[in-house]
Amino acid sequence: MWKGNSPAGSQGTAMEGTGGDLGGQRNWGPEDAPGLLARASLTMLPWPLPLASSALTLLLGALTSLFLWYCYRLGSQDMEALGAGSRAGGVRGGPVGCSEAGGSSPRGPGEPGEGPRTEGLVSRRLRAYARRYSWAGMGRVRRAAQGGPGPGGGPGVLGIQRPGLLFLPDLPSAPFVPRDAQRHDVELLESSFPAILRDFGAVSWDFSGTTPPPRGWSPPLAPGCYQLLLYQGGRCQPSNCRRCPGAYRALRGLRSFMSANTFGNAGFSVLLPGARLEGRCGPTNARVRCHLGLKIPPGCELVVGGEPQCWAEGHCLLVDDSFLHTVAHNGSPEDGPRVVFIVDLWHPNVAGAERQALDFVFAPDP
């Protein structure tokens, strides 16, 4: 037992009162150790805890406010860049036109699409994409958004490749693309040929031009050219898809269909005897148009980049429509219309990260 100088009568009250009692002199025993430790803890801990808790709460509140402000600013900048498209008429793949026409009207040599206004809008949207995701793998897309020159430093290969809106540099360029480049989608469409042909029979009409086109068919955008689209500018056309279940099912199974991009279209294209579409270029070289022949009478011709080709019923033809191309039906009225089912696919050499960025930049208007 420890001996202290305090009076014996204070032994019962030494642990009573405030912290000053701990320093008092008395007789202490081993049985008093737990009480001493508890009183010491109570003496040292109570006052700093509320202060530390308040400081931590203030710090967390400040960090949360900074994070919310950053998210607001980032979202505001993204929406400003995306909303500029609506105020300026949007970034579009151009009017669809007749399917072979590539959605672009004829241009004179060297005309750079829609000029600096469109290039600036594409750059703003691409910067908004990079802020949200990353610049990784965006070298070619970035050069395209800045309006880089065509292959060879000029407007196109010998002036015959002139995409009207977006030229993605360093893509292999050829008027006709090998079937193996999109083997899965080509084989799927060709295996769906009977179902797609039945769908066309269900929505077909006489194409005489004496009566307005039936529901779902576009007015003739060029003499003798009609179309019924299941996807137009990256947007599904629900009523037409319901009327063509076999074609819609085939589209849903494709791996490289541009279904969420204003450059993406799919549907039936009809060309009447005597009709001809002269010298046109599509809006971009980032896509490949797949033509599935449904009804191909004699005298039909497709010339792309100076190379003639012809369709075959039940078979696909892959075309880079950013090349100057001409379509003609030179047959007689008795031969009937030429009918193809056209689907816009990604160019096989456009990487996945580039596709995602271009889908963001050229997303259909909400």
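**A buried charged network**

Arg289 and Asp344 join their side chains in a salt bridge, 2.4 Å from N to O; the term stands for a side-chain nitrogen of Lys or Arg within 4 Å of a carboxyl oxygen of Asp or Glu. This pair links distant parts of the chain, with Arg289 in strand S6 and Asp344 in strand S11, 55 residues apart. Helices (H or I, at least four residues) and strands (E, at least two) are DSSP runs, numbered from the N terminus. Salt bridges that share partners tie Arg287, Arg289, Asp321 and Asp344 into one network.

Before going further, note that this is a predicted model, where local features need pLDDT of at least 70, side-chain atom pairs count only at pLDDT 80 or more, and totals for chains, interfaces and linings use all residues. Residues are numbered from 1 along each chain as its sequence is written, and side-chain values use heavy atoms, leaving out hydrogens and water.

Arg289 counts as buried because its relative accessibility is 2%; buried means under 20% relative accessible area, exposed over 50%, and partly exposed in between (1.4 Å probe, protein chains only). Asp344 is buried too, at 0%.

Now turn to another bridge, between Arg140 and Glu354, whose closest N and O atoms are 2.8 Å apart. Arg140 lies in helix H4 and Glu354 in helix H9 (residues 352–361), 214 residues apart. At 4% relative accessibility, Glu354 counts as buried.

Finally, look at helix H8 (residues 245–252), whose buried residues are Gly246, Ala247, Ala250 and Leu251. The face turned away from that buried side carries the exposed Arg249 and Arg252.
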